[in-house]
Amino acid sequence: MMELLMNYFSYPFVRYAFIVGVLIALCSSLLGVILVLKRFSYIGDGLSHVAFGAMAVSMVLGIVQQKMFVIMPITVIVAVLLLRHSSDSRLSGDSKIAMISVGSLAIGYLLMNTFNTSANISADVCTTLFGSTSILTLSIEEVWLCIILSLAVIGIFVFLYHQIFAITFDEDFAKATGLKTEFYNFLIAVIMAVIIVMAMNLVGSLLISALLIFPAISAMQVCKSFKMVTIVSALISVICAVAGLLFSILGATPVGSTIVATDIIAFLIMFIYGRMRK
Amino acid sequence: MKKALKVMIVLFLSLTACGKKEEEIQEVEEEPVVVATPEPEYETIENLITENETEEDTQEEEEPAAEETRETAEEERPLDLDITFMSSTAIYSAVYNMIMNPEEYVGKYIKIKGFFAVGESYTGEEMYGCIIPDATQCCVQGIQFLWKGDHVYPDDYPEIGTNIIVQGIFAYDRVDEYTVAVRLEDADMFIE
């Protein structure tokens, strides 16, 4: 078995997949804790659909190699709009997410079909929505981009840990103490968009929410403090990503869904363990 | 005895049929389309592969002779790259990388496995290829091979969809800025 694994790891694309997989899993787990605690669990799903729609736009425009320059700004803008509090809005937060989510998915699919530049639409949709093998077909440039963005996200989380903690639990109190909550919400929105766009490579658009939510809620089954939830969530996310990648490569299963399946198993284990401890 | 598979897999250029490099596909679409005359039960790659799996026993009977020939071929020239130990997910990705970075593999003696298919090259000639689907079987990659020796299609070739192993020297043509046609030259082909 070890020899087989060593053989696999002698190929750059396998090493790239594990590097990027671990980094994305780590970043998404950090963000996931914030989203779950702020009750924004479904925002990730909505934004991933926006990213899919943006990718369809970039394909229609013929921007393939630099598609990140189309997907990233669109996703960031929508993330900022979704997280912005507007008391006079006629639309509630969950309605906005639902509308944007299904709207983007429908428009994206419509664009891909109407202005198809590819011979195989089903393959495009399959690989984009479910991330069948995209993590195993990364270029070195994409790996470096992912490393830089991941380090930026981790750095922001570490250096602004106390501020993020404050606005996660009680935004009004944080504002009263003089914290620039609008700025930090903007920052969270940007980080969220960046992670979602990166995670599209790992698990595909439809499965990103699982990567954000499962590790956080798994950790919450056994941990009480914000710090411990964050640490355990990161551990679970990375272990599940590595296990899922290994299983999919060795067992010839689709990468994205295999990683999510390991996340589900981890949640069930933590859930049972949490109930047994009570 | 295998059933005659009437599916003609469309093999163009690099045989890439996935969504990651859309420009390549776009170029492909401008080429004349290869005829597909599918029988209902073999319309999809899944059916093609399922059919192969049911015929593994038949193929295994042929294996000892094929194994000897394969070993002889490898003794003549040691392999630079053997990806036959990999799962289909990983083989798909490895071939994808060959197609994306063909210059890194030129002249290397490479061994791959997949299933046999016939198609039409970008020059309009009939060509024979080794096709590798991904795990979800919605995307396929493939490499054309030029079987060394005198072989006549269909008499000397296996049925379309047969699991095969191909080893040969990697070469490619750059058709345009985004499109490459990859192949294994001076190749040996064995039924898996």
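The model is predicted; local features need pLDDT of at least 70, side-chain atom pairs count only at pLDDT 80 or more, and totals for chains, interfaces and linings use all residues. Residues are numbered from 1 along each chain as its sequence is written, while chains are lettered from A and ligands numbered from 1 in the order in which they are written.

Chain A holds 13 helices and zero strands. Helices (H or I, at least four residues) and strands (E, at least two) are DSSP runs, numbered from the N terminus. The C-alpha atoms of chain A fill a box of roughly 55 × 50 × 30 Å along the principal axes. The radius of gyration of chain A is 19 Å, which agrees with the value near 19 Å for a compact globule of 278 residues. This radius is taken over C-alpha atoms, and the globule rule is 2.2 Å times the number of residues to the power 0.38.

In chain A, 48% of the 278 residues count as buried. A residue is buried if 20 or more other C-beta atoms lie within 10 Å of its own, exposed if 12 or fewer, and partly exposed in between; C-beta atoms are placed from the backbone. Of the contacts in chain A with a separation of 6 or more, 74% link residues 24 or more positions apart. Two residues are in contact if their C-beta atoms, placed from the backbone, lie within 7 Å.

Helix H4 of chain A covers residues 68-83. Its 16 residues should span 22 Å at 1.5 Å a residue, and the end C-alpha atoms are 22 Å apart, which agrees. The expected span is 1.5 Å times one less than the number of residues. Buried residues of H4(A) include Ile71(A), Ile74(A) and Thr75(A).

The largest nonpolar core has 125 residues. Helix H2 (residues 12-37) of chain A gives the largest share of this core, 16 residues. Such a core is a set of buried Ala, Val, Leu, Ile, Met, Phe, Trp, Tyr and Cys residues joined through C-beta atoms within 7 Å. Ile196(A) and Val95(B) are among the residues with the most contacts inside the core. Beyond four places in sequence, Ile196(A) touches residues including Ala51(A), Thr75(A) and Ile208(A).

In chain B, seven of the eight residues of strand E3 (residues 126-133) are buried. Six bridges join E3(B) to strand E2 (residues 109-120) of chain B, and the two run antiparallel. Strands pair if DSSP finds at least two bridges between them. Phe116(B) stands opposite Cys130(B). E3(B) also pairs with strand E4 (residues 140-147) of chain B in the antiparallel sense, over five bridges. There, Ile131(B) has Gly142(B) as its bridge partner.
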